[in-house]
Amino acid sequence: MTTYRFRDGLDAEDLRELTKQFMEIGTAPGTVAHYATLDGKGGFVISDDPDDPSETYKVTLQYGPWIEFDVVPVATIEEAFPVVLSVYG
C-alpha cells in the first residue's frame, strides 16, 4: 500500500501542473485501487507487485516534485493469519 501526501507549500499553479501530469501519466502498473483522502491532502494506492518494478519507480519519480510517498507491504488477513498462527499459535 502506498500512501501519499502533497508536498507542503504547493500553490494553485503547482496543483494545475500536477493535474496535467496525472492526466498524462496516470497510475503505476499493478494498481488495484486508488483512493483520495477527503481532506484534500493526498491519498493511497493498493497495488499488486508489478512484473517490472522499474515502471512503478518511473511513475513515482515523475510525481516526486509534488508528492511524498510512503510504501508499506501489506497482505490480506487470510494471507497473514497463518503466519501469525505459526509464530504465536
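**Note on the predicted fold**

1. I67 touches Y4, R5, F6, R7 and L18, leaving out residues up to four places away in sequence (contact: heavy atoms within 4.5 Å). I67 sits in strand β4, residues 67-71 (strands: DSSP runs of E, at least two residues; helices: runs of H or I, at least four; both numbered from the N terminus). I67 is buried, at a relative accessible area of 7% (buried: under 20%; exposed: over 50%; partly exposed: in between; 1.4 Å probe, protein chains only).

2. Basis of the note. This is a predicted model, where local features need pLDDT of at least 70 and side-chain atom pairs count only at pLDDT 80 or more, while totals for chains, interfaces and linings use all residues. Residues are numbered from 1 along each chain as its sequence is written, and side-chain values use heavy atoms, with hydrogens and water left out.

3. How far apart are I67 and Y4 in sequence and in space? The separation is 63 residues along the sequence, against 6.4 Å from C-alpha to C-alpha. Y4 is buried as well, with a relative accessible area of 10%.

4. Next, strand β1. T2 lies in this strand, which covers residues 2-6. With a relative accessible area of 16%, T2 is buried. Its contacts are G43, F44, V45, F69, D70 and V71, once residues up to four places away in sequence are set aside.

5. Helix α1 runs over residues 12-25 and holds Q21. Is Q21 buried or exposed? Q21 counts as buried, at 18% relative accessibility. Beyond its neighbours within four places in sequence, Q21 is in contact with G26, Y63 and W66.

6. On the aromatics, the structure holds three pairs (ring centres within 6.5 Å; planes under 30 degrees apart are stacked, over 60 edge-to-face, the rest tilted). One of them joins Y4 and F6: the ring centres are 6.1 Å apart and the planes stand at 70°, so this pair is edge-to-face. F6 is partly exposed, with a relative accessible area of 26%.

7. What kind of pair do Y35 and F44 form? The pair is stacked, because the ring centres lie 5.0 Å apart and the planes meet at 25°. Y35 is partly exposed at 44% relative accessibility. F44 is also partly exposed, with a relative accessible area of 29%. F44 is among the contacts of T2.

8. Overall layout. The chain has three helices and four strands. Read from the N terminus, the order is β-α-β-β-α-β-α. The radius of gyration is 16 Å, well over the 12 Å that the globule rule gives for 89 residues, so the chain is more spread out than a compact globule (radius over C-alpha atoms; rule: 2.2 Å times the number of residues to the power 0.38). The C-alpha trace spans about 55 × 30 × 15 Å along its principal axes.

9. Burial and contact range. Buried residues make up 17% of the 89 residues. Of the contacts in the chain with a separation of 6 or more, 72% join residues 24 or more positions apart. The I67 and Y4 contact links positions 63 residues apart.

10. Surface and charge. The accessible surface comes to about 6800 Å², and carbon and sulfur atoms account for 58% of it (Shrake-Rupley, 1.4 Å probe). How many side chains are positive, and how many negative? There are 6 positive and 16 negative side chains (Lys and Arg against Asp and Glu; His and chain ends not counted). The centres of the two sets lie 10 Å apart, with charges placed at NZ of Lys, CZ of Arg, CG of Asp or CD of Glu.

Methods: Phe/Tyr/Trp six-rings, centres within 6.5 Å; stacked < 30°, edge-to-face > 60°.
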